[in-house]
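Thanks for coming, everyone. Here is the structure for today; I will go through helix packing, then voids.

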Amino acid sequence: MQIFLTGGTGFIGHFVAKEFLKLGHSLKILARNPNKIPSLAAHKNVEMIHAELLDFAAMEKGLQGCEACVHIALGWGDTPSTMLANDTAATVQLLELAANAGCEKFIYTSSTAAFGKIRSYSKEDMVCMPQDLYGATKAASEAYVLGFSKTKMKRNIIRPGYTFGNMEIDQPDRRFFNIAKAVKENRTVHLTKHDGTQFIHASQLAKLYVALLNSDLNEEVFFGLGAQWISWKHIAERAIALCPGTKAVIEEEDKGWGSDPCLFSVEKMEKFFGLKFDGNDFIDEHLCASLFSI
């Protein structure tokens with residue numbers, strides 16, 4: 001299958017690209033910096049398209065001959081109007097161009113931020129209540145993807161949660177690194193009591209993209225998270241265990257957060273694809289990478 005991929009040289013995207021290539025797919029990757037991942041740029045089944053997310057002419061040309069479009073790239077802005085223009089409007093344009101090009105499948109990368117307000121047990125079919133501009137942007141794009149029904153193109157959505165992975169690729173959150181740095185420098189690790197989430201490694205998340213691409217599903221939404229809730233205290237404890245001789249200690253601030261975690265359901269991912277992930281499988285490896293990079 002020939003796949004048009006945005007964000008393929010980014011943090012999540014390059015893991016997805018590698019999984020697709022393992023299966024023999026050919027990729028056209030839209031990238032601002034085509035040489036960011038040399039191994040991808042040099043791959044025989046990869047064509048790099050040097051363009052910005054708002055370069056719709058390049059998108060239209062690149063989509064020709066593609067059977068699927070996987071949209072991972074994020075367009076950012078500092079105001080509601082620039083977020084709308086740089087991300088949601090770009091997603092809508094790409095959606096329309098993919099349909100016009102004859103793509104059979106479209107996968108949109110949203111976020112748990114689109115779901116927004118956390119409830120005690122969150123499922124994909126609950127109403128979205130975004131709490132910030134990023135979440136509102138993602139929720140708006142989701143609505144367009146699902147509402148674009150006058151097409152034969154199958155459209156599905158993945159909502160990743162806290163994703164961690166390769167230290168060599170820019171990541172949106174530096175908490176693993178900051179904890180490792182404090183531990184290595186014998187400083188106090190400052191945390192919030194009962195803070196944690198359902199971590200997922202980017203290589204695990206990539207398997208959800210593959211499963212969804214291989215399916216005949218349409219208009220479905222999937223949370224992309226690990227099944228296990230893991231506290232930041234546990235991560236700090238692992239960092240200390242992996243750094244013999246450190247004098248670092250953990251200090252937790254009690255902000256009144258309950259001890260019972262709010263969970264995202266990952267039952268749908270397991271039901272449809274038999275996928276169930278545990279972020280613990282990669283935490284020690286990731287912490288070691290963080291410690292050695294300091």
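Start with helix H4 (residues 80-100) and helix H6 (residues 133-147): they pack at an angle of about 25 degrees, with axes 10 Å apart. Axes here are lines fitted to C-alpha atoms, for helices over the stretch in contact, and angles run from 0 to 180 degrees between N-to-C directions. Helices (H or I, at least four residues) and strands (E, at least two) are DSSP runs, numbered from the N terminus. So H4 and H6 are roughly parallel to each other. The cut-offs: under 35 degrees is roughly parallel, over 145 roughly antiparallel, 65 to 115 roughly perpendicular, and the rest oblique. The H4 and H6 crossing is right-handed. Right-handed means the near helix is turned clockwise from the far one by less than a right angle; anticlockwise is left-handed.

Who touches whom? From H4, the contact takes Pro-80, Met-83, Asp-87, Thr-88, Thr-91, Val-92 and Leu-95. From H6, it takes Leu-133, Tyr-134, Thr-137, Lys-138, Ala-140, Ser-141, Tyr-144 and Val-145. Contact means heavy atoms within 4.5 Å. These residues split into 9 nonpolar, 4 polar and 2 charged. For the classes, Ala, Val, Leu, Ile, Met, Phe, Trp, Tyr, Cys and Pro are nonpolar, Asp, Glu, Lys and Arg are charged, and the others, Gly among them, are polar.

A word on provenance. This is a predicted model, where local features need pLDDT of at least 70, side-chain atom pairs count only at pLDDT 80 or more, and totals for chains, interfaces and linings use all residues. Residues are numbered from 1 along each chain as its sequence is written, and side-chain values use heavy atoms, with hydrogens and water left out.

Next pair. Helix H1 (residues 13-22) and helix H8 (residues 202-213) have axes that come within 8 Å and cross at roughly 50 degrees. H1 and H8 are therefore oblique to each other. H1 passes H8 in a right-handed crossing. H1 brings Phe-15, Val-16, Glu-19 and Phe-20. H8 answers with residues including Ala-202, Ala-206, Tyr-209 and Leu-213. By class, that contact has 8 nonpolar, 1 polar and 2 charged residues.

Third pair. The axes of helix H9 (residues 232-241) and helix H11 (residues 280-293) come within 10 Å and cross at roughly 55 degrees. That makes H9 oblique to H11. The crossing of H9 past H11 is right-handed. His-234, Ile-235, Arg-238 and Ala-239 of H9 meet Asn-280, Ile-283, Asp-284, Leu-287 and Leu-291 of H11. The count is 5 nonpolar, 2 polar and 2 charged.

Now the voids. On a 1 Å grid over the protein atoms alone, a cavity is a set of points where a 1.4 Å probe fits but cannot get out; a pocket is an open set with protein on both sides within 12 Å along at least five of seven lines; lining residues have an atom within 4 Å of a point. Grid points are joined across faces, edges and corners, and a volume is the space filled by probe spheres set on the points.

How many cavities of 30 Å³ or more are there? The whole-structure search finds 2. Strand S5 (105-109) gives the largest share, 3 residues.

Finally, the second largest pocket holds about 190 Å³. Helix H7 (175-184) and strand S9 (189-192) each give two or more residues to its lining. That lining has 5 nonpolar, 4 polar and 3 charged residues, Trp-232 and Asp-195 among them.
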